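Me: I'd like to go through this structure with you, starting with how its terms are set. Could you take the contact criterion to begin with?

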Amino acid sequence: MKLPTPPLPRALKPKPGRPGSRPPGNGDANGTGGNGKVRDLRPGTPDGNGERPSKGGPRVDRERFKEQALEVPIGVAGWLDERSGMSPFVRGLAYRKVPRGTNWWYTLGSATMFAFVAQAVTGVFLAMYYNPAPSEAYESITHITNDLFLGEFVRGMHKWGSTVMVILIFLHMARTFFFGAYKYPRELNWVIGVVLLVLTLAMGLSGYLLPFDQRGFWATVVAVNINASAPVMGPYIADFLRGGSEFTATTLSRFYSIHMLIIPGLIAALIGAHLYLVAKLGTTAPPWLKAEKAKALNQEEL
Amino acid sequence: MNNREKEDYLREYSILKGEGKSFFPYAIAKDGSMAVITMLVIIVLTLALGAELGPKADATTTSFSPRPEWYFFFLFELLRVVKPPELTFLATMGIPTICLVLLLLLPFFDRSPERNPLKRPIATLAGITTIVAMAYLTLLGALGGSPTEIELQAAGQEDGKQATASSGCLGCHRIGENGNEIGPELTEVGARLPREAIARTLVNPTQPMPSYAKLQKQDPEKFQDMVDFLASLK
């Protein structure tokens with residue numbers, strides 16, 4: 001199905017020329033202003049100069065200034081578009097239709113993504129001061145908490161951001177489940193979403209060790225032992241996580257790199273795929289809605 | 001879903017989509033408001049509850065009760081619900097893995113075209129049951145101690161634990177999961193030796209164990225705590 005071309009935003013529409021600025025010999029103002037180009041409105045231009053004084057200077061000046069100011073973003077957008085050709089794509093993305101009945105339940109996915117972005121930002125700031133050595137980790141966390149400007153706040157946001165992200169991702173999944181949104185043609189997006197859920201929980205698990213306090217340490221020991229109890233692959237996974245058969249200095253730096261490089265990279269890539277499919281397939285309509293036209297058509301057939 | 005049902009869905013969806021509004025600015029306004037609310041919730045939680053940091057990790061601690069993040073409580077609680085040790089792997093890996101595979105493959109075994117939750121009672125009931133079960137296990141996990149607390153007997157001996165951990169016993173002896181096996185294991189030493197015997201051994205040990213007579217003189221309280229703790233290991 002092909003969607004109708006969405007309308008241009010107002011700022012980009014060709015403007016009808018003002019009476020005074022119409023160049024002589026060109027009857028239709030829309031035609032001249034058109035073909036997408038912005039007209040020359042520099043102060044020195046001869047056209048329109050004659051009428052300005054009679055119309056009351058300041059007002060015209062202000063309007064002229066407004067148009068000139070508008071030229072800057074339009075110029076930048078035009079420059080980018082000329083070189084990237086991305087404007088049809090961006091316009092298609094921004095002006096794509098969202099089905100009737102789209103409600104607040106449909107914001108949970110984007111909110112989860114926003115929570116991930118917040119985690120990434122606070123995480124980057126924490127990484128600037130964190131030191132993943134067993135003898136230094138705890139001290140660097142107390143340094144962040146006690147000495148740095150807003151340090152405790154950023155660490156708190158990272159900690160509670162994880163809680164919020166986990167709640168949001170579960171709510172998002174519950175919405176998808178109860179609305180039947182995982183059904184044809186969105187099965188693949190459901191699978192990606194479940195992988196994202198697992199990765200999010202893995203983030204919570206791997207991050208728990210990093211402050212290197214008693215809670216995190218022993219909880220991680222237990223979690224890795226639980227992993228080791230799995231049949232066949234269990235001991236190997238546990239050895240991989242610990243970087244050997246014992247908890248050592250390697251374990252902490254290994255968890256650190258898993259927590260801030262491997263899993264976030266995977267999450268970002270999978271969010272990209274998830275979003276691509278959302279934009280491509282569209283979000284579902286609430287399942288209780290029936291298309292009115294379809295209803296009418298069906299009745300006609302009968 | 002057969003091909004007809006697929007086409008029916010796509011047709012109906014395209015009509016519903018046509019009846020809708022554009023993503024920008026209508027949907028993005030909602031998404032943006034939700035992002036602001038998310039941010040505010042995170043900030044309020046941070047300001048209200050702060051970022052707690054426990055004591056530094058100590059690998060020699062023998063009876064610290066580990067608690068995971070609250071959103072793993074339901075998994076930990078499974079450990080307690082499944083009692084027999086030969087079934088432990090069911091609780092640790094079996095049930096979670098099966099649930100995860102079921103979740104992952106959901107669109108491949110639930111292929112009916114119906115989407116309304118009220119018209120697919122099995123799926124809706126299964127979903128609600130799962131949520132209630134997870135909430136119940138999370139609540140149990142929040143109210144109860146950690147699963148390993150049950151196995152370790154030495155609760156309520158904080159001072160003794162600290163003393164033992166800082167006296168280097170684990171350099172030679174094994175207590176529970178930790179420590180070396182140069183000397184005899186101390187996990188159940190309280191069952192083998194009475195309290196006085198432990199104190200006597202500490203002061204006047206067999207070689208090569210160092211004597212703790214100095215500790216008894218300098219810090220008798222710490223010494224007593226250590227003896228109490230070791231005697232409580234049964």
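Reply: Two residues are in contact if their C-beta atoms, placed from the backbone, lie within 7 Å. This is a predicted model, in which local features need pLDDT of at least 70 and side-chain atom pairs count only at pLDDT 80 or more, while totals for chains, interfaces and linings use all residues. Residues are numbered from 1 along each chain as its sequence is written, and chains are lettered from A and ligands numbered from 1 in the order in which they are written.

Me: ok, what share of the contacts in chain A with a separation of 6 or more comes from residues 24 or more positions apart?
Reply: Residues 24 or more positions apart account for 67% of those contacts in chain A.

Me: and how many helices and strands are in chain A?
Reply: Chain A has eleven helices and one strand, where helices (H or I, at least four residues) and strands (E, at least two) are DSSP runs numbered from the N terminus. Along the sequence the pattern is α-α-α-β-α-α-α-α-α-α-α-α.

Me: how much of chain A counts as buried?
Reply: Of its 302 residues, 31% count as buried; a residue is buried if 20 or more other C-beta atoms lie within 10 Å of its own, exposed if 12 or fewer, and partly exposed in between.

Me: switching to the contact between the chains, how many residues does each one give?
Reply: Chain B contributes 65 residues and chain A contributes 71 residues. On the side of chain B that touches chain A, the elements that each supply at least two residues are α1 (3–19), β1 (21–22), α2 (23–49), α4 (88–104), α5 (106–109) and α6 (121–143), and the largest share, 16 residues, comes from α2(B). By class, that side has 36 nonpolar, 15 polar and 14 charged residues, with Ala, Val, Leu, Ile, Met, Phe, Trp, Tyr, Cys and Pro counted as nonpolar, Asp, Glu, Lys and Arg as charged, and the others, Gly among them, as polar.

Me: what does β1(B) pair with?
Reply: Strand β1 (residues 97–98) of chain A pairs with β1(B) in the antiparallel sense over two bridges, and DSSP must find at least two bridges for two strands to pair. The bridge partner of K97(A) in β1(B) is S22(B).

Me: new topic, which peptide bonds are cis?
Reply: Most peptide bonds are trans. One cis bond joins Y184(A) and P185(A), with omega about 0°, and P185(A) is in the loop between α6 (151–178) and α7 (187–209) of chain A. The bond from F24(B) to P25(B) is also cis, with omega near 5°, and P25(B) is found in helix α2 of chain B.

Me: and where does L150(A), with its positive phi, lie?
Reply: Phi of L150(A) is near 60°, and L150(A) lies in the loop between α5 (137–146) and α6 of chain A. L150(A) is exposed, with 11 other C-beta atoms within 10 Å.

Me: is V232(A) buried or exposed?
Reply: V232(A) counts as exposed, with 7 C-beta neighbours inside 10 Å. Phi of V232(A) is also near 60°, a positive value in a residue other than glycine, and V232(A) is found in the loop between α8 (214–228) and α9 (234–242) of chain A.
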